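Open the model in your viewer and get ready to select residues. We will visit a helix and then a sheet.

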Amino acid sequence: MARIAILNYIKRPSPVHELTGTTKLIFFIVWSVASMVTFDTRILLCMLAIGAVIFRISRIRIRDISVVLGLAAVFLLLNNIFIYLFTPEYGVELYESRTVLLAGVGRYTVTAQQLFYHLNVTLKVICVVPVALLFIACTDPSEFAASLARIGVSYRAGYAVSLALRYIPDVQREYTNISQAQQARGIELSGKDKFFTRLKNSVAILLPLVMSSLNRIETVSNAMELRGFGKEKKRTWYTQRSLKRNDWLTIGFAAVILVIDLIVTFWDGSRYYNPFL
Amino acid sequence: MKKLSVKSVVAIGIGAALFFVLGKVAIPSPVPNTNISLQYAVEAVFATLFGPIAGIVIGFIGHTLIDATSYGPWWSWIIASAFVGLVIGLVTMKMNVEEGIDSKKLIRFNVAHIIAHVLAWGLVAPVLDILIYAEPVEKLFAQGLMAAVSNIITTGVVGTLLLLGYAKTVVKKGSLEKED
Amino acid sequence: MAEPIISFKDYGFQYLAQASPTLYHINLDIYPGEKVLIAGASGSGKSTVGSCINGLIPYAYPGESTGSLLVGGKDPARESIFNLSQIVGTVLQDTDGQFIGLTVGEDIAFALENDCVPQDEMKETVQEVAKLVDIDHHLEYAPHELSGGQKQRVSLAGVMVEKVQALLFDEPLANLDPAAGRATIELIDRIQERTGAAVIIIEHRLEDVLWRRVDRIVLMDEGRIVADMQAKAFLSGRMLLEHGIREPLYLTALRYAGVPVTEAMEPQHVGSLRLSEAQKENVRGWYRASGGYTEEKKEKPVLLDVENLTFGYTPERTNLRDVSFSVREGDMVSIVGKNGAGKSTLAKLICGFEKPTAGRICLSGRDISGDTIKERAQRIGYVMQNPNQMISRPLIWEEVELALLSGNMSAEERKERVEETLKICGLYPFRKWPVSALSFGQKKRVTIAGILVQRPQMIILDEPTAGQDYHHYTEIMEFLKSLNAQGYTIVMITHDMHLMLEYTPRAIVFSEGELLADTTAAHVLNDPELVERANLKETSLYTLSMACGVDNPQEFTKRFIACEEAYRKREEG
């Protein structure tokens, strides 16, 4: 079975890497919120541009993340096609005007408003992509839990994230081993079998995997108890770094963007920037 | 809020790791674009065994990790995934599967995930999508319906079989006799 | 004398979920600076004693206790598990389960983090302790970049940051290759010298633990302590065999040679063993007399032929380089070498789970490169190390039948085939049982039955006996031997040098992805250079034969094995 391609932490010296995990986490959350709230094309374009600049600074190369970008592209394309198939006139409703660019078949005409709506929805997703990717690629996973704890998440929940990251490779290896051994006994998940056969076959892999995961939970929680996890209300972190000047600047910058985003978006009482009226 | 026990913390971590790994191994299904999402079957089993809090957090962390490593987080569906764990955990609370399983418990498990999936994909996800992305209702409804049906079938078949397998494995040794 | 650090007085314990007690009348004192080995077969209660000492009982495993137990002068039932963890540090058997952090440094710091130790102090302690266990150059490493032995050192460091007064090791050798196991025993010894902590080792592999000094050996059987004495006194008795523990090989050899073992001979370690000239002559005499054992094997046709096999999981790294060897019909072969040498990768290539980048694999002269996993599985079966990773049906019958369901056999044929297979595997009386009612060894049989049902010509087993005590080990291996006698070709990947010596005439040795040697098992262990390069370990037989002036240690080992087999046969029938 092919190895699952996932994006990993890519260690390189860059100002983005130097920021603490906490800063990047805050920036990422603020950025997500800002892009979710607004439907203002100007803001979205600005965010996209800023994202591109940060990407340059991070020294992460396009080919490091080409797989992920490809996935994002496919996802966006499908999403857009679906929207168009279901509601080809949605933009017209939203922007309260209708400029037909191309008369198509039946209800499937192409209007400027519809295209503009597609542009905005796509931008909303795209402008988060570089920041999300950078968050993953430039943040040492070891810093995740400590960062979550610093922004107020309970350290127990934070540590669960850390454990998930710790055991993903182990679970993945186990999944591969089990499914290979079961394939040798004629159990296939892909291929020509019927849907329900495949569902049933998947149990032959999942049951051993789940049972062994339950065992693992037992061992790991014993090991954690034996080393005092949960003893105090707080805990310190080996990997936590204190915030430096650049961190505060970045957080400040994020705050400014969020404020501008809110002001520009809701200034005229509507979430949508409407060039057609 | 009650503190999470160490065991719950670990169950969440490993549950989320499972959710992630299964979510990344897409198993193609006959209907295009509705992959069999095995991760929901496992989330359902973990929510039943470890409770609603574990259910929520497994869904949240697991789905966020999947999205963040593929195309950036799609928050509405992440929250829906967490919601699935919450509802299943609540409905199956104190069911004590480790003490054995009967048809009543299996029905409760299935009712739990049907409610959870219908609400999550038919209501939570689309409403959030409308709020965040202002996507058209028709598209979201169709998408949600497909997801709900596909996930209900997956969780119903795979989740039920996993739970049965689990209950049979943990049951103590009985007075079994050899047959010649 | 000082106060004991751990003191059991007429202690008994019964798990909540169990019908009868697991421990009865335990009386045991362990003093600061002592090194105690707790031995016993599976189910003897030795692990339960460990859980009582570190506080998992009653904290994680509730139950009822009688008598008294003091750890560091405190009653564990009234202390929190956290306070206990500052007195006793535990290194668990499962090094992956104990490695919680994302990197070595974090994992060592884990206990300090929970103690809210400030970061600079924490870094200092981590550095210090890491140095002590010699892992300080790997602080940034992730667990999957480390070997089993290194992970274990991290676990040890992780409990030592607490300045504990006692260290508890739960089967520390179970998952390690021979050389790494030896390194662990040496490390434990060094750590104890430095820190003066009491050391408790729970382990049934006596010969390996005795590589370094042990003060006392406590033997357990059926929940009771049956012996608690100095190592030399203990080893001069004959308690081990009676309680299902394997005797160190050098002692068995002396017994065969008719040399009675006494305390004065310092029998606790093969290096310390003092033999008189007469006794040495006895050993040589036995060696000469037991000669005449020759291998009579007709050359059967080649079954599996591996030619110039090369493979890498990633383009940058080669995991197997230009490997060639062949296996004949009816062979029983060991594949040995250190962790990560490419042994499991080789098995995966043969089974078709992975595709080689170069080279080919032939079965009975036919190139099988184009065959699918399923097609290969009809002729080559693969059994994973942990039966729990293979078993996916609740009932034995269903589990064994599974592989037949995807073919086009009639129900009648399937029934016949399953019944026949269950009979071969001695599982027929259990056919209607749920798998969960079986012991580990029986489960292993079920997984092997699940493979045999496809009637392969060859079976590859990954670590068939890992973590098993002598009784289960013998059960599994004798079963495999009987399969071999019925004509099945058997290939085993193993770390167990006893297994290789006793059951497989031939061994294939790997190191760093290359085939180092393909020779007799006895030869492998008597070639110091090979032993060193492949992370193996010579057995005490080699040392003993050298000490006695036997001219050919390799032949000595062979004769010993032959003799042992004869004894076993006599016992059986």
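This is a predicted model: local features need pLDDT of at least 70, side-chain atom pairs count only at pLDDT 80 or more; totals for chains, interfaces and linings use all residues.

Residues are numbered from 1 along each chain as its sequence is written, chains are lettered from A and ligands numbered from 1 in the order written, and side-chain values use heavy atoms, leaving out hydrogens and water.

**Stop 1: the helix.** Select residues 277-289 of chain C, helix α13. Helices are DSSP runs of H or I, at least four residues, and strands are runs of E, at least two, numbered from the N terminus. Now colour C:Gln279, C:Lys280, C:Val283, C:Arg284, C:Trp286 and C:Tyr287, the buried residues of α13(C). Buried means under 20% relative accessible area, exposed over 50%, partly exposed in between (1.4 Å probe, protein chains only). Look down the axis: the buried residues fall within an arc of 155 degrees, so they line one face of α13(C). The arc is taken from the directions from helix axis to C-beta atoms. On the other side, C:Glu277, C:Ala278, C:Arg288 and C:Ala289 are exposed.

**Stop 2: the sheet.** Select β2, β1 and β4 of chain C, an open antiparallel sheet in that order. Two strands pair if DSSP finds at least two bridges between them. β2 (23-30) and β4 (63-71) of chain C each have a single partner strand, so one side of each lacks a neighbour in the sheet. Find C:Ile6: its bridge partner in β2(C) is C:Ile30.

How values were computed:
The expected span of a helix is 1.5 Å times one less than its number of residues.
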